[in-house]
Amino acid sequence: AAPRVTTNREPLRAVDAAWLRMDSPTNAMVINSLLVFRDPPGIDGIRALVEDRLLVHRRFRQRVIEPSLGLPHWELDPQFDVSAHLHHIALPAPGDQAALETLVSDLASTSLDRQKPLWQLYLIDGVGKGGALLARLHHSMGDGVALVRFLLGLTDEGALLSPPEVGVEAPRPSGLAERAKLASAQALALGRMLLLPPDSNTVLKGELGTQKRVAWSEPAGLDPIKSACRRQGVKLNDLLVAALTGALARFLEEHGRIDGLELRALVPVYVRDASAGDELENHFGLVYVSLPIAVRDRGERLRQLHQSFESIKAQPDAVVALGVLGALGVASTEIEHIGIQLFTRKASVMITNVPGPPVEIHLTGSALSEMLVWAPVSGQIGVGLSLLSYAGQVRLGVAADARRLPDPRVLVRFYEEELAALTSTAG
C-alpha cells in the first residue's frame, strides 16, 4: 500500500515549474521511453508492479494545480485511479518496427491531461513475438537520468543496478573570494549565451505543427565504438555526436549548400548536486554546441567536437543555464515565453545522451531486448536526437516535427552509416 503523506500540497521546484510551463501545442514537454520485451509480459503483472513499486512515490499520485495567483504546486489527486494511467493496446499487423514507429508517433503527438498525474504507461501486444511498454512522463516530474533511475526501480534486478555518474559537479565555493570568482565567471557565461546570435536558417527551422514522427536506429555495440574512441583519444559522447553531425550535414546538403552554415545543438548537461534527494527532479542545464557540419573530414570533425565538449566541462554554462531555468520558473508566463524563445532560436536541434543499464534487465520475469528514449524539445526547435545505451549497445531515437523532418528514418540511416565509418576508420 502507498504510504500516507502528511501534507496534500507541495510547491514545484522553480526548475520543474519552468519545464511545466514550457508546454506548448507544438512541443509537449514529455519524455517518451520504449521498453521492448522478448516475451510479452502480462497486464496483471505490470499493474502489480506499478502499484507496488511506482505508486509508493507520491509524485505518481499527484497532479499539478496552477492557481490564478502564485506558483503551481503538487497535490494528491483525489480521484486517482491507476486504470487511467495504465493502458493495454495491440499493435496492428504486421507488428514490425514501421508499425511500432507509427503507433509511438501518434502517442508522442498528444499532450498529457493536466487534470491527472502527469504520466501514462501503454502495454503494447503484438510487437514481433514479444511486447513493449511505452512510458510517458512529463519533464516537470523529472529529467532523463531520474526517469532511468525510476525505471530501474521497477525491474526485477531493482537496487542492484544504478546509472553511472554523469555530468558536472555543482560548484560549492567556500569563501568570499571563491564566491566572487564564481559569480564573475557565471555572469560572463550568461552574457555570452545572451549575445549568441541565432544559427543559420535551414529546413530544420520554421513553423511547427502538432504531428510528431519518431524513428530509431539499429543497436550498435559499445565495445568497438569505445575502441575507436581510445585510438582517437576522445570520449564516447564525442564520437556519437560526430556521427550525428555527419548525418545532419548529409541531410542538409540534400537541401542546399552547407558551406558557411552555422548549426548549433542544445545539449543538456547533468549538474550533480550532493544535496539532491532521491525523488524525481530536474538537474539539467542546457548548453550550446556548434556542430561542424561544413568540415568534410570525419576525423577533424571528431577532434573539433572533442575540444568543444572539453571546453564545456571547464565552463560554468550548464550551471548558469540551470539557474536561468529556475528564474524562468518563477517569472510570469509571458516572461518565460520570451526567455524560452530567446534561448531556443539560437539552435536547430536538441541532442541528449543518457546512460542506461549496462546489463540486460527484466520486468516481471520478461527480458528487455531494447530500450529507447525520446527527450522533449522546447520552444521552436523541431528535432530531438536522443542517445541511450543499454546492455552493451547504444541506439539513437529521433523525434521530429512532421513539418521539419517528415521522415526521420532518413536521418537515422545517415547516422548509422556515419557511425560505422567513424568506428571502422578512427585512428
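Strand E1 (residues 9–11) and strand E4 (residues 73–76) run antiparallel and are joined by three bridges, where strands, like helices, are DSSP runs numbered from the N terminus (E, at least two residues, for strands; H or I, at least four residues, for helices), and two strands pair if DSSP finds at least two bridges between them. This is a predicted model, in which local features need pLDDT of at least 70 and side-chain atom pairs count only at pLDDT 80 or more, whereas totals for chains, interfaces and linings use all residues. Residues are numbered from 1 along each chain as its sequence is written, and side-chain values use heavy atoms, with hydrogens and water left out.

**Strands around E4**

**Strand E15 and its partners**

- Seven of the nine residues of strand E15 (residues 366–374) are buried, and the strand is thus described as mostly covered; buried here means under 20% relative accessible area, exposed means over 50%, and partly exposed lies in between (1.4 Å probe, protein chains only).
- Strand E2 (residues 30–37) pairs with E15 in the antiparallel sense over six bridges, and Val36 stands opposite Glu370 in E15.
- Strand E14 (residues 362–363) is joined to E15 by two bridges, the two strands running antiparallel, and Leu363 stands opposite Ser366 in E15.
- The hairpin of E14 and E15 has two residues between the strands, and in this hairpin Thr364 takes a positive phi near 45°.

**Helix H6 and the residue after it**

- The buried residues of H6 are Leu222, Ile225, Ala228 and Cys229.
- Seen down the axis of H6, these buried residues fall within an arc of 125°, so they line one face of the helix; the arc is that of the directions from the helix axis to the C-beta atoms.
- On the face of H6 turned away from its buried side are the exposed residues Asp223 and Arg230.
- Gly233 follows H6 and has a positive phi, near 70°.

**Salt bridges between separate parts of the chain**

- A search of the whole structure finds 25 salt bridges, a salt bridge being a side-chain nitrogen of Lys or Arg within 4 Å of a carboxyl oxygen of Asp or Glu.
- Glu310 and Lys235 form a salt bridge in which the closest N and O atoms are 3.5 Å apart. The pair links distant parts of the chain, 75 residues apart, with Glu310 in helix H8 (residues 298–314) and Lys235 in the loop between helix H6 (222–232) and helix H7 (236–253). Glu310 is partly exposed at a relative accessible area of 31%, and Lys235 likewise counts as partly exposed, at 39% relative accessibility.
- Arg296 and Glu253 meet through their side chains in a salt bridge of 2.7 Å, N to O. This pair, too, links distant parts of the chain, since Arg296 belongs to the loop between strand E12 (284–291) and H8 while Glu253 belongs to helix H7, 43 residues apart. Arg296 is partly exposed, with a relative accessible area of 49%, and Glu253 counts as partly exposed at 37% relative accessibility.
- Glu418 forms a salt bridge with Arg301, and the closest N and O atoms are 3.6 Å apart. Because Glu418 lies in helix H11 (residues 409–425) and Arg301 in helix H8, the pair ties together parts that are 117 residues apart in sequence. Glu418 counts as buried at 3% relative accessibility, and Arg301 is buried with a relative accessible area of 6%.
- Glu418 and Arg301 also belong to a network of salt bridges that links them with Arg250, Arg298 and Glu417.

- Asp96 is found in the loop between strand E5 (86–90) and helix H3 (97–108), and it counts as partly exposed at 36% relative accessibility.
- A polar atom of the Asp96 side chain lies 3.0 Å from the backbone nitrogen of Ala99.
- The C-alpha atoms of Asp96 and Val127 are separated by 6.6 Å, although the two residues are 31 residues apart along the chain.

Key
Polar contact = N/O pair within 3.5 Å; in protein donor to acceptor, adjacent residues only side chain to side chain.
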